[in-house]
Amino acid sequence: LNTLYLIEPKDVMASRQREREELGMDNEIEDDDDDQAQTVDKLDYKVFSLILLGALGDNVGSSGLMPLCLSPLAFQTFYTNANPPIMSQVAYKWISVLVALMVVPGTIVSPYIYNKLGLAGGCIMGNVITGIVTIFLLYIALAPASTATFGIFVALLYACFPFTVISQLSTGPMLETTSPPDKR
């Protein structure tokens, strides 16, 4: 059913490069004023609503990875219920802060994934991986608390958080492609 409603603006980077070449512009100069190349004259409210609904669902699911898995789950499993505690409060704070750095790999890899799968395909891939990782983290937390399960929990959280970023970065380009310049 999702494939019927995917908003795929083709290969955004390639189309911008092709526009620059057709206009005789230098490849190294960034030209963000591409409103002239826009072909959409009227906002399709059905498509607009689907993009916003998908973005809302994506944000709820993707942001659930941190508040659900790290805040109550990891804290309760590896600090409150573990005797002696496996994770200190300082370690918990560092894990929370350093997971924000996992945004950087997600932003570095996202253009390659979008060029291979498209914006909508990359968003769906990121959502699926985020959902699977959340389930794995929940199962790891059900195992007896040990330093090994704590290490696996943190490693999996850090390794898979960039996929959450990939799914969230695609909404802007989809809206840009499907909206007329005066409605952006």
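This section describes the fold, the model confidence and selected residues of a single chain.

The structure is a predicted model. The chain contains seven helices and zero strands. Read along the sequence, the pattern is α-α-α-α-α-α-α. Of the 184 residues, 33% count as buried.

The average pLDDT is 76, and 74% of the residues score at least 70. Over residues 1-5 the pLDDT is below 50. Beyond near neighbours in sequence, this stretch has three contacts in the model. Residues 31-36 also stay under 50 in pLDDT. For residues 31-36 the model has eight contacts beyond four places in sequence. Where pLDDT is low, the predicted coordinates should not be read in detail.

Helix 2 covers residues 45-63 and includes Asp58. Asp58 has a relative accessibility of 4%. This value is under 20%, so Asp58 counts as buried. Asp58 and Ile124 are 66 residues apart along the chain. Their C-alpha atoms are separated by 9.1 Å.

Helix 3 spans residues 65-80. Ala74 is found in this helix. Its relative accessible area is 1%, and Ala74 is therefore buried. Leaving aside neighbours within four places in sequence, Ala74 is in contact with Cys69, Tyr79, Met87 and Phe153.

The loop between helix 3 and helix 4 holds Pro84. The peptide bond from Asn83 to Pro84 is cis, with omega near 0°. Most peptide bonds are trans.

Helix 4 runs over residues 89-98 and includes Leu98. Leu98 has 32% relative accessibility and counts as partly exposed. The value falls between the 20% limit for buried residues and the 50% limit for exposed ones, so the intermediate class applies. Leu98 belongs to a nonpolar patch on the surface. Val90, Trp94, Val97 and Leu101 are also part of this patch. Together the patch residues have about 500 Å² of accessible area. Patch residues must have over 30% relative accessible area, and Leu98 has 32%.

Helix 5 covers residues 103-142. Tyr114, Thr134 and Tyr139 were examined in this helix. Tyr114 has 12% relative accessibility and counts as buried. Leaving aside neighbours within four places in sequence, Tyr114 is in contact with Leu119, Gly122, Ile166, Leu169 and Ser170. For Ile166, the C-alpha to C-alpha distance from Tyr114 is 8.8 Å. Tyr114 and Ile166 are 52 residues apart in sequence.

Thr134 is buried as well, with a relative accessible area of 13%. The side chain of Thr134 reaches the backbone oxygen of Thr130 at 2.8 Å.

Tyr139 is exposed. Its relative accessible area is 57%, which is over 50%, so Tyr139 falls in the exposed class. Tyr139 and Phe153 are 14 residues apart in sequence. Their C-alpha atoms lie 9.7 Å apart in space. Phe153 is also one of the contacts of Ala74.

Helix 6 spans residues 147-168 and includes Thr164. Thr164 has 2% relative accessibility and counts as buried. The side chain of Thr164 makes a polar contact with the side chain of Thr130, at 3.0 Å. The backbone oxygen of Thr130 is reached by the side chain of Thr134, and the side chain of Thr130 is in polar contact with that of Thr164.

Notes. Residues are numbered from 1 along each chain as its sequence is written. This is a predicted model: local features need pLDDT of at least 70, side-chain atom pairs count only at pLDDT 80 or more; totals for chains, interfaces and linings use all residues. Side-chain values use heavy atoms; hydrogens and water are left out. Patches are made of residues with over 30% relative accessible area and no salt bridge: like charges are joined within 9 Å, nonpolar side chains (Val, Leu, Ile, Met, Phe, Trp, Tyr) within 5 Å. Accessible areas come from the Shrake-Rupley method with a 1.4 Å probe; for residues, only the protein chains shown count as cover. A salt bridge is a side-chain nitrogen of Lys or Arg within 4 Å of a carboxyl oxygen of Asp or Glu. Helices (H or I, at least four residues) and strands (E, at least two) are DSSP runs, numbered from the N terminus. Buried means under 20% relative accessible area, exposed over 50%, partly exposed in between (1.4 Å probe, protein chains only). A polar contact is a pair of N or O atoms within 3.5 Å; within protein, one must be able to donate a hydrogen and the other to accept it, and residues adjacent in sequence count only if both atoms are side-chain atoms. pLDDT is the predictor's confidence in each residue, from 0 to 100. Contact means heavy atoms within 4.5 Å.
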